[in-house]
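Subject: Handing over a structure

Dear colleague,

I am passing this structure on to you, together with some notes on what was found in it. Please look it over first, and then read on below.

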Amino acid sequence: MSGSIHITEGALAALIGLTAHEIPGVVGMAPANLREGIQRVLGRGQSRDGVVIGREGGGNGGRENSSRDNGGRDIESGTVREGGRYTADLYVVVAYGVSIPTVASNIVERVEHVVRSQAGIELASTRVHAVGVSHA
């Protein structure tokens, strides 16, 4: 049986967002841009809100058909091409009284593990942006 597996950036972002929600000390995800903020106000928030998938080094990493509707570019599972490694930026709101560096470290560790084990993708970097503090 031959073929390939393609994981969209939207699916990867949803996996990362759901994983971050499981970490103790995370109250929620903050909108990463104006569009997400408006969608949230309108009650259409999604599990991928607060997650931005990028490319290390820019470009499309030698990929041709790099865009898709409703979910962004395809990510070929298990392959990393020169200049085509993915990065993840997470915008989180943490609970008042927790150690922000500890929560951020736990998010990075768990997200990288889940993405590697469930999607077969090694992230080039995972950055956590604590953009708010709230009572849990």
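Helix 1 is mostly covered, since 10 of its 13 residues are buried, where buried stands for under 20% relative accessible area, exposed for over 50% and partly exposed for what lies in between, with a 1.4 Å probe and protein chains only. This is a predicted model, in which local features need pLDDT of at least 70 and side-chain atom pairs count only at pLDDT 80 or more, while totals for chains, interfaces and linings use all residues. Residues are numbered from 1 along each chain as its sequence is written, and side-chain values use heavy atoms, with hydrogens and water left out.

Helix 1 covers residues 9-21 and reaches 18 Å from its first C-alpha to its last, close to the 18 Å expected at 1.5 Å a residue, the expected span being 1.5 Å times one less than the number of residues. Among its buried residues are Leu12, Leu15 and Ile16. Helices (H or I, at least four residues) and strands (E, at least two) are DSSP runs, numbered from the N terminus.

Strand 5 (residues 86-95) is largely enclosed by the rest of the structure, because nine of its 10 residues are buried. Two strands are said to pair if DSSP finds at least two bridges between them, and strand 5 has several such partners to look at. Strand 2 (residues 26-29) runs antiparallel to strand 5 and is joined to it by three bridges, with methionine 29 standing opposite valine 92. Strand 3 (residues 51-55) also pairs with strand 5 in the antiparallel sense, over five bridges, and here arginine 55 stands opposite tyrosine 86.

**Histidine 129**

Where does histidine 129 lie? Its place is in strand 6 (residues 123-134), and it is partly exposed, with a relative accessible area of 27%. Leaving out residues up to four places away in sequence, histidine 129 touches Asp89, Leu90, Tyr91 and Val92, a contact being heavy atoms within 4.5 Å. Histidine 129 and leucine 90 are 39 residues apart in sequence, yet 5.9 Å apart in space, C-alpha to C-alpha.

With kind regards
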